[in-house]
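Please go through this model by question and answer, with the criteria behind each term set out.

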Amino acid sequence: MIRTFVVSLTIPDNEAYTALETLGRLGIDSSRVVRADVWIFEGELDAGLAATIGSIESIHNPNKHRLAERQADRPEPGEVWIATRDEAPATLVAGRALPGVRAILRRTAWRLLDDQGRDVAPAVLDRAVETFLCNPAFQVAITQ
Amino acid sequence: MAAGPRVAVVVFPGTNSEDETLRAVRAVGLQGELVHWSQPEALARFDAFVLPGGFAYEDRIRAGAVAAHDAVMDPVIEAAQAGKFVLGICNGAQILAEAGLVPGTGPLRLPTAAFAPNASGRFQSVHVHVKLSVTLDRVPILGGIEDGAVIPAWASHGDGRLAAPADELARIERDGHLAFIYCDRHGNPVSAPNGAALDCAGLVNRDGNVLAIMPHPERDGWTFQHLDDSRDVARGDTAATLAPSGGIRFFEHFAQAVRERFSA
């Protein structure tokens, strides 16, 4: 079984803002950058996994994070996930094993929005990935 | 201040090793100055550049990625292309890789290699030695350095693992970009503590004027910083304790190169 969770900030995201600024310097037009951490869990997963994750502060701090489960372990349209190419799946979170979890994979999700709040054209996102968001020497970009 | 080669120690938001780097630069007789990221126009008057360690822009997106695209890197890149010496230490090395200046086998700012997260997945701070692993003609940035020189340093990073596609790693090795490897104090090769490909501790570009080194020689540049007996021997002798030694040799070779180029 695979379950995918997305953790995003509810407070201003400095990293996303820095990405927006840098992309602007590269001539990649976007009005807003949205970033989230993606956690993919594999194994014989406990029904209480979401609650468990929600209680681990290094993943989800309720004072500043929103935790949501995704139905698929793939990016949504308009989104790109950046992964480490030779990532060795982790088995522990914050030093502790989770019931039934055999492997944990991490991704960073990025989405670029225009001034109407719509996803930018795929070609613009591709260019952002190729010039900045992904270093192909050790990372891979995953789209739908 | 006496006339002589001027070296800019470039400070980004999040840099944290500028003072000890500046101290090392000045200890070997160079005119070092700190230049902040907001002063790219100030870099025109410098003869060489050092990008020190730290966490530029908090390592947002990737270590070195944002800084590599900062406006202050424009004159650094131009200077590198003009043959001036550019040294990057730790985060500075990550920035040079993200800027495409090392190994320098691809387009600018489209990196072909990276100092990626350590294989351990953790920040590591460990005393190391690194060994020059290229022929002397490949590193004019280290004037007068001896073949197989061993430099003591502190590896202190979370992202120091050289990573690149297999063909690029082969190119790095074949074309003399693998400037330093990890070794023991006697120069015998050891495995990189961070899991780096090729046990790489440092990369040099094609012309040998841009060098990226992950461990910090400036943090083992004075006797009181050494881990060997010399520190104990010097104990009680203030002058000896504060004497430059060890990793400062790395900066002496850098200074020799800068002086020779400046005088030419």
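This is a predicted model: local features need pLDDT of at least 70, side-chain atom pairs count only at pLDDT 80 or more; totals for chains, interfaces and linings use all residues.

Residues are numbered from 1 along each chain as its sequence is written, chains are lettered from A and ligands numbered from 1 in the order in which they are written.

Reader: How many helices and strands does chain B have, and what does the globule rule give for its 264 residues?

Author: Helices (H or I, at least four residues) and strands (E, at least two) are DSSP runs, numbered from the N terminus. Chain B has eight helices and eleven strands. Its radius of gyration, taken over C-alpha atoms, is 17 Å, so chain B is as compact as a globular protein of that length.

Reader: What percentage of the residues of chain B count as buried?

Author: A residue is buried if 20 or more other C-beta atoms, placed from the backbone, lie within 10 Å of its own; it is exposed if 12 or fewer do, and partly exposed in between. Of the 264 residues of chain B, the buried ones amount to 56%.

Reader: Why is helix α4 of chain B largely enclosed, and what covers its buried residues?

Author: Eight of the eight residues of α4(B), residues 91-98, are buried, so this helix is largely enclosed by the rest of the structure. B:Leu96 is one of these buried residues. The cover includes, from chain B, β3 (48-51), α2, β4 (85-89), β5 and β11 (210-213).

Reader: Is B:Ala68 buried or exposed, and which residues is it in contact with beyond four places in sequence?

Author: B:Ala68 is found in helix α2 of chain B and counts as buried because it has 27 C-beta neighbours inside 10 Å. Two residues are in contact if their C-beta atoms, placed from the backbone, lie within 7 Å. Leaving aside neighbours within four places in sequence, the contacts of B:Ala68 are B:Met73, B:Ile95, B:Glu98, B:Ala99 and B:Arg109.

Reader: Which elements of chain B each supply at least two residues of the side that touches chain A?

Author: In all, 17 residues of chain B are in contact with twelve residues of chain A. By class, this side of chain B has twelve nonpolar residues (Ala, Val, Leu, Ile, Met, Phe, Trp, Tyr, Cys, Pro), three charged (Asp, Glu, Lys, Arg) and two polar (the others, Gly among them). The elements asked for are α2 (65-68) and β5 (114-116).

Reader: Which strands stand at the edges of the open six-stranded sheet of chain A?

Author: Strands pair if DSSP finds at least two bridges between them, and the order here is β3-β1-β2-β7-β4-β8, with antiparallel pairing. Six bridges join β1 (residues 2-9) to β3 of chain A, and A:Leu9 stands opposite A:His65. Each edge strand has a single partner, so one side of each is left without a neighbour in the sheet; these strands are β3 (65-70) and β8 (139-142).

Note on methods
The radius of gyration is taken over C-alpha atoms; the globule rule is 2.2 Å times the number of residues to the power 0.38.
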